[in-house]
Amino acid sequence: MSRSITLGQYYPASSVLHRADGRMKLILTVVFMVMCFLCKSLASFALLLLFTLGLVFASTVPLKIVLKSVRMIIFILIFTFVLNIFFTPGTGEPLLAFWIFRVYKDGIWKAFFMSFRVFCLVIGTGLLISYTTSPVDITHSIESLLMPLSKIGIPVHSFAMMMFIALRFIPTLSDDAEKIMTAQRSRGVDFSSGPLMGRIRSLVSVLIPLFVSSFRRADELAVAMECRCYHGGEGKTSLHVMKVRFSDFVILFVFLAVAAGTVLLNGIKFGYSM
């Protein structure tokens, strides 16, 4: 279980994306998300696919590791595909009709595009945030970008610290869940066979110890922070000062150029357009 969970896990390397400023990568993530939703034609989706593969190559993160993040949303992809196939109205005669459901050619194209959009969205955002940016850099970047809000009394540092702790403990909690499930299997608990309700009830033997372990870790972390006289962001200094370099603006220009390209390619009527 834990080996298939890659959310929040940092892949150390020395690539162009790894060296980019964390604040810039958060901005690039927003640009990439907008880019995904701008795609409306087959040509623009082809450009999005090539650009996503280019991000994988530029990050030097193995494709096998990147695709592991898709396992977590495989149910969402299937649900999105099926929902768009059966509930997208179309013109002309349906390709398939049974009971109250009608399957049109437009529905098949839209289901493919929506699922592919979510697929690229997960891979692209994962590369920019999780795989190429350490949790510490994410925390500092969020705090730096939201710092103007502290002028109106919003606890920006506390919010960034909560984000860091949440990202930091995702792999830890998944490892705890794996250990608990292994221990319960050794006691005869079956998680993979039997009726659905029986398998759901068997998960209670995992969730309760996992909650207890989580609360214990939270209490230990709070005590450790108090022992070190942690008082939030008051008087906080940084060992490494973040600086936006020229190469970061070059990467931003590439992202904006590809986003503009997707808009232009939406006008090319090749195959199907949304």
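The model is predicted, so to speak of local features we need pLDDT of at least 70, and side-chain atom pairs count only at pLDDT 80 or more, while totals for chains, interfaces and linings use all residues. Residues are numbered from 1 along each chain as its sequence is written, and side-chain values use heavy atoms, leaving out hydrogens and water.

Let's start with confidence. The chain has a mean pLDDT (the predictor's confidence in each residue, from 0 to 100) of 81, and 86% of its residues reach 70 or more. Over residues 1-5, pLDDT is below 50. Where pLDDT is low, the predicted coordinates should not be read in detail.

Now look inside. The largest nonpolar core has 32 residues, and Phe 32, Met 35, Leu 48, Leu 127 and Phe 255 touch the most other members. A nonpolar core is a set of buried (under 20% relative accessible area, 1.4 Å probe, protein chains only) Ala, Val, Leu, Ile, Met, Phe, Trp, Tyr and Cys residues, joined through side-chain atoms within 4.5 Å. Helix 6 (residues 105-131) gives this core its largest share, 8 residues. Helices here are DSSP runs (H or I, at least four residues), numbered from the N terminus.

Finally, the surface. Which helix gives the most to the nonpolar patch? Helix 5 (residues 74-87) does, with 9 residues.

Key. Helices (H or I, at least four residues) and strands (E, at least two) are DSSP runs, numbered from the N terminus. Contact means heavy atoms within 4.5 Å. Buried means under 20% relative accessible area, exposed over 50%, partly exposed in between (1.4 Å probe, protein chains only).
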